[in-house]
Amino acid sequence: MLQKIGFQPGINKQISETGAEGQWTNCDNVRFRYGTPEKIGGWNQLGSLNENELTGAGRGLHHYVNSLGRKYAIIGTNRILYAFSGGVFYDIHPIETTTTLTNAFTTTNGSATVTITFSSAHNMNPGDIMLMDNFTAITNSNYSASDFDDKKFMVVTTPTNTTLTITMTSNESGSGATTSGGIRIQKYYTVGPAVQAKGFGWGLGTWSGEDKSAVTTTLNGAINASVTSITLTDASQFPSSGTNFVIIGSEEISYTGVSGNVLTGCTRGVAGTTAASHSDGATVTNSTDYVAWGEAASGDLVIEPGMWSLDNFGDKAICLIHDGACFEWDSSLSNATSTRATIISGAPTASRHMLVSTPDRHLVFFGTETTIGTPSTQDDMFIRFSDQEDINTYVPTATNTAGTQRLADGSQIRGAIRGRDAIYIWTDTALFTQRFVGQPFTFAFAQVGTNCGLVGQNACVEVDGAAYWMSDNGFFRYAGKLESLPCLVEDFVYDDINLESGNQMISAGLNNLFGEVIWFYPQSTSSVVNRMVAYNYFDSSPQRPVWSIGSLARTMWRDSAVFGLPHALEYDADTDTSFDVIGNTEGRTSYYEHETGTDQNRNGTISAITANIESGDFDITQQRAATGQSTGVATFRGDGEFLMKIRRFVPDFISQTGAARVTLQLKNYSNSTQSGSPLGPFDVTTSTTKIDTRARARAVSLKIENTSTSQNWKLGTFRLDIQPDGRR
């Protein structure tokens, strides 16, 4: 006889498949809505065809509408800052330096590598972006102005502090040139690496280690390989007590004292480097806090990926490079899309995070400088906010509302978001609130949670007065009190997540069309995001939390508030063909609009979104009269004792487009390998009334999936025709 098969909403991976009778145990590209599973919506790539693959890894996304009613998406990758509007991407990245060169190019016949020579230190590293123009002819070269003018190049190598190489789109067909031709080079501000890595050393970032807040200056006079006193242009910010270190070119040098602008007691060529001569004006960097200079070492520190904090102050997009400077871009200008972001005058120059408070409109910096304009004073627990309605004033006075605050619990501020009535601030160990109270204090700070720190800068969202976030050891919510979210996929996520060197790449997104908070994260064996876990706050209850899991990989996600549908970024680390940078080696980012149609559309190519969901094992419980009993109704039950025969099933979909595939997965014991029904799998269409099958097993589980384009489904209640069967 037919029997209804019902399943509780949500995925449960905390118990075995046999123990999960009446529950779902696995899924991909599936969500739960009103208690039943359904395939997620499709997505379309945004931007003009063949001009929509962005350079590098997408690490920032912000939506806003300016006073003219124009919608903007500000997108920050680890190399370039873009503004997206009207279906077009505009490069608005700030320019750090502009250099005009003569006798610049060296080329070789048959090679696409071009060497560019600077007259002084170029201060660039592999991966940096340069915009070129004002080209003048190279002798004995087939390259022309069309190959360089208004073109962006990625630096490939930096053989010396005055030379670098780029890769052209074609080989040199001329006889080759040596230091010939001219060019103007505009260097983009550096954001950071595409991925996060543990420790410092070869293969983990710049081979020499990294300290983004390290003090730099230049040599005041050339030096040879043997001098032990080195004169700098300005040594005031260099440490003067104990043994300290500096880097000049590829050489590391230790010193024991500072006299005026002179480093004294120098030992040349330390840490396995080679003593060398250096020219006047060469860059000198304090490397005292570097780790593993010249060594393939690792430690507890990590090289954080290049990230952005993005917000808007009215018409102005506010864009902070993580651990770097902050910039503004005015979208209200008549020629806005042909302008670039510029540094905010008076603002801190090294901060971990930033946002604009509302409704009071202060620009707030987190993990910032105690002395404005001095990056070496950056304090990871220090907060600084501007005067109200003034993003250029940060020094507190008796007549303004600028101010500072240092938090106490934690070692670094990890992130912050605006809430309904407060700003939520997370350190690595605790949660704080920041509320506007007016003069004389401007803001009141309170600690509202302990042992609940944020795993990474973007791993938090706020909706309907509640903050949701991912910690190093669980999921949390704060809505007036701290709560640990019950999670039936927690072990599955945390047993296979890269927290050691991937925590800063974890990001959270809100999809309020379906009541979902989604976290995107890298698996333990991955250096890029490749998994997701979602919590449905509409359908969840304390007794039954509703979670789903999947392989949807997005580095950033923004809700539907501005553009009507959610938008998200996807990073492809294995493909370097971005549309706007020549010689890109850092992957590409695609920008998608979600919850549209049934399929994925990438650059005009339509492909299926393969979705599936699997249940726990269902077995038969048989009821019989007791042997020898003539009166009464004495019975016994056997849970999984009896084999069952499934003769047919009646599919039920609340909604369906195209076909859906149904598989009855059979096994006799908990540790047995599943096998499909002999006549299956079964493709169910909207006209299918029943499916006849020959299935015989002690336990059966249900798998629903789709495999082709133009397919969509929302599951109803299936009925199986089940009866007890013998062992033969």
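Helices (H or I, at least four residues) and strands (E, at least two) are DSSP runs, numbered from the N terminus. The model is a predicted one, in which local features need pLDDT of at least 70 and side-chain atom pairs count only at pLDDT 80 or more, while totals for chains, interfaces and linings use all residues. Residues are numbered from 1 along each chain as its sequence is written, and side-chain values use heavy atoms, with hydrogens and water left out.

Most residues other than glycine have a negative phi, and most peptide bonds are trans. Asp323, which is not a glycine, has a positive phi of about 65° and is found in the loop between strand 29 (316–321) and strand 30 (326–330).

Aromatic rings come next. Rings of Phe, Tyr and Trp (its six-membered ring) pair if their centres lie within 6.5 Å, and planes under 30 degrees apart count as stacked, over 60 as edge-to-face and the rest as tilted. By this rule the count comes to 32 aromatic pairs. In one of them, the centres of Phe105 and Phe135 are 6.0 Å apart and the planes stand at 50°, so the pair is tilted. This pair links distant parts of the chain, since Phe105 belongs to strand 12 (residues 105–106) and Phe135, 30 residues apart from it, to strand 14 (residues 129–136). Both Phe105 and Phe135 are buried (under 20% relative accessible area, whereas exposed means over 50% and partly exposed in between, with a 1.4 Å probe and protein chains only). The rings of Tyr537 and Phe538 have centres 4.9 Å apart and planes at 70°, so they are edge-to-face; Tyr537 counts as buried at 14% relative accessibility, whereas Phe538 counts as exposed at 52%.

Finally, four strands form an open antiparallel sheet in the order 44-45-46-47, where two strands pair if DSSP finds at least two bridges between them. Its edge strands, each pairing on one side only, are strand 44 (507–511) and strand 47 (547–550). Four bridges join strand 46 (residues 531–536) to strand 47, and Ala534 has Ser548 in strand 47 as its bridge partner.
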